[in-house]
Amino acid sequence: MSTVIQNTEIVNKNQIEDIGSGEKIKRTLAKTISWRALGTLSTVVISYIITGTLALAFSIGFIELVSKLVLYYVHERTWNKITWGK
């Protein structure tokens with residue numbers, strides 16, 4: 001007589017952080033930061049080309065950086081809760 005165990009998974013402490021969403025919070029944060037760094041750099045360059053003022057370009061870039069970091073993070077976490085397409 002043999003016993004079959006199905007759907008058993010050994011989980012380490014790092015996986016407990018965000019089981020079920022498909023992506024850990026740390027990974028989402030790393031993606032958020034790297035994407036925004038690239039996006040903000042392009043915004044600063046475009047702003048400088050348009051305004052000709054470096055201080056204004058960095059001000060625009062900073063506002064864009066903060067607002068889009070938050071929006072991207074919320075967007076990613078929301079999509080991780082949606083099961084469609086997984």
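**Helices, burial and surface**

Helix 2 is among what covers the buried residues of helix 3. Those buried residues are Ala57, Gly61, Glu64, Tyr72, Glu76, Arg77 and Asn80. Helix 3 has 28 residues, which at 1.5 Å a residue should span 40 Å; because its end C-alpha atoms are 40 Å apart, the model agrees with that expectation.

Helix 3, residues 54–81, has the highest mean pLDDT, 92, whereas helix 1, residues 13–16, has the lowest, 51. Where pLDDT is low, the predicted coordinates should not be read in detail. Over the protein chain the average pLDDT is 81, and 76% of the residues score at least 70.

The secondary structure consists of three helices and zero strands, so the order of elements from the N terminus is α-α-α. Of the contacts with a separation of 6 or more, 57% are between residues 24 or more positions apart. Buried residues make up 21% of the 86 in the protein chain.

Leu41, Val45, Ile46, Ile49 and Ile50 make a nonpolar surface patch of about 540 Å². One of these residues, Val45, lies in helix 2, which covers residues 25–51.

Notes: Residues are numbered from 1 along each chain as its sequence is written. This is a predicted model: local features need pLDDT of at least 70, side-chain atom pairs count only at pLDDT 80 or more; totals for chains, interfaces and linings use all residues. Side-chain values use heavy atoms; hydrogens and water are left out. Patches are made of residues with over 30% relative accessible area and no salt bridge: like charges are joined within 9 Å, nonpolar side chains (Val, Leu, Ile, Met, Phe, Trp, Tyr) within 5 Å. Accessible areas come from the Shrake-Rupley method with a 1.4 Å probe; for residues, only the protein chains shown count as cover. A salt bridge is a side-chain nitrogen of Lys or Arg within 4 Å of a carboxyl oxygen of Asp or Glu. Helices (H or I, at least four residues) and strands (E, at least two) are DSSP runs, numbered from the N terminus. pLDDT is the predictor's confidence in each residue, from 0 to 100. The expected span of a helix is 1.5 Å times one less than its number of residues. Buried means under 20% relative accessible area, exposed over 50%, partly exposed in between (1.4 Å probe, protein chains only). Contact means heavy atoms within 4.5 Å.
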